[in-house]
Number of protein chains: 2
Amino acid sequence: MIRVVLIGTGNVSYHLCKAFEASNAVDIVQIYNRSLESFKDFPEHIPKTVLLDELMDADVYVVAISDKGIKEITYNLPFENKLVIHTSGSTGLKAIHSKNNAGVLYPLQTFSKSKTVDFSEVPIFIEAKNETDLKSVTALAEVLSKDIHIINSEQRRALHMAAVFTCNFVNHLYAIGHEICDANDLPFDVLKPLIQETTEKIQSLSPKEAQTGPAKRGDQKTIKKHIKSLENKDWKKIYKLLSKSIKETHEQKL
Amino acid sequence: MIRVVLIGTGNVSYHLCKAFEASNAVDIVQIYNRSLESFKDFPEHIPKTVLLDELMDADVYVVAISDKGIKEITYNLPFENKLVIHTSGSTGLKAIHSKNNAGVLYPLQTFSKSKTVDFSEVPIFIEAKNETDLKSVTALAEVLSKDIHIINSEQRRALHMAAVFTCNFVNHLYAIGHEICDANDLPFDVLKPLIQETTEKIQSLSPKEAQTGPAKRGDQKTIKKHIKSLENKDWKKIYKLLSKSIKETHEQKL
């Protein structure tokens, strides 16, 4: 049984808690957060605290808070020589204060509290300072998923950046599509088969091979018409810039 | 039996041909293209021509060519009072020369010759000048799909624009993710569960509710780190612009 203290109550912590609770291999001994309010999303039976001094003994302390807080909170931990891991894509291993052993367990997924996730399919990227800690991090990762990769901090930062493009930015383009539909009395649902197919296509083709649309075809007339009819200035810029980038990728210089 | 002449041999024509061939309700009497070369992708038994003067008699002429050619080719058709339809998202009904009856059958999907598509699930958007023609276009659309919508040219243009954002631009972001992975010795496959979940999420949440990531969280530190480490100038601009647009959508002013 791996005894875990969860630090933080955001989306990642919420889904880690669910996945650990569903396994017999992990015991969540405590959840810490600096304020009380989000404890309500977590199971009642797990002890909770808002004070670092009250942290209980555990095998692993999982710091699942926003990136900017990792350095400070690990500095303030009131113990030494324990295994402390964070779950951030863009934060190096070194952000964890050296008084404790350090590891990273980065689950590559988009987590919202209102949407369940099958953790067993989530790729997990791990890192640790030494072999012993890597074994402990691996053991914890194996509780969560079948798909575990050992990578360094530099690769993880690149991966997180790729995830921002292919998930966060993609979702924002969905949001723009949603607003365009709303403004023209069209249900957003009509775009869903297209969105689905766009994702499925890259299972069998590379994204470069799968590219279609006015910019790929070099259809300047349509591009100009679209840019003209967009009222939102940012969307206009996004349209121009992405069309230019598609054209350059496909070497159809203007 | 609806007798159809297909004009054009691009991706849309290719998939329309496949879907019509699979049904018993349509007879493709001929395929026209201005050059011979792409006829090889189409069934041998269908008559083909490169001369408009050789076009055979049919109930519907389906013009599935690039947008910029629609006006000219329908002007040059050597007959009158026939039903001529185009398949373009961004071209008005009026682009079809008035000597013939006009209709639109716009299938909202991303078509590549190397990827099969289940046409029965593709939403089709139709338009025609009068009720009689609308009936004929509806009959043809019903051969292809269960999901048919009547919309006007203005709505269709908006829909096509939304499709550019949610399909063509999304795919380009996948291509950027692919390149970032390649440059860092990471297999693109590790991003696929995330890409899949990003799409699935908007089945149950609105894109605005589903948004996650550094820009949504207002995590300036990570945003700056990412922008600094991107070498491609266009990608840098894309990162900045989309982050700004996400921030503004979620009303987290800087």
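**A tour of chain A and its partner**

Start by selecting Gly103(A): its bridge partner is Ala128(A), which sits in strand 7 of chain A. (Strands are DSSP E runs of at least two residues and helices are H or I runs of at least four, numbered from the N terminus.) You're looking at a predicted model, where local features need pLDDT of at least 70, side-chain atom pairs count only at pLDDT 80 or more, and totals for chains, interfaces and linings use all residues. Residues are numbered from 1 along each chain as its sequence is written, chains are lettered from A and ligands numbered from 1 in the order in which they are written, and side-chain values use heavy atoms, leaving out hydrogens and water.

Now widen the selection to residues 101-107 and 124-128 of chain A. These are strand 6 and strand 7, running antiparallel and joined by 5 bridges. (Two strands pair if DSSP finds at least two bridges between them.)

Next, show the whole sheet in chain A. This open sheet has 8 strands in the order 3-2-1-4-5-6-7-8, with mixed pairing. At the edges stand strand 3 (48-49) and strand 8 (148-150) of chain A, each with a single partner strand, so one side of each has no neighbour in the sheet.

What packs on it? Pick residues 131-144 of chain A: helix 3 touches strands including strand 1 (2-7), strand 2 (26-32) and strand 4 (60-63), and its direction makes about 165° with that of strand 7 of chain A. (Contact means heavy atoms within 4.5 Å; axes are lines fitted to C-alpha atoms, for helices over the stretch in contact, with angles from 0 to 180 degrees between N-to-C directions.) Helix 4 of chain A lies across strand 5, strand 6 and strand 7 of chain A, at about 25° to strand 6.

Jump to Arg3(A) and Asp57(A), whose side chains meet in a salt bridge, 3.3 Å from N to O. (That's a side-chain nitrogen of Lys or Arg within 4 Å of a carboxyl oxygen of Asp or Glu.) Arg3(A) is in strand 1 of chain A and Asp57(A) in the loop between strand 3 and strand 4, 54 residues apart.

Finally, bring in chain B. Zoom in on Glu197(A) and Lys115(B), a salt bridge with its closest N and O atoms 3.3 Å apart.
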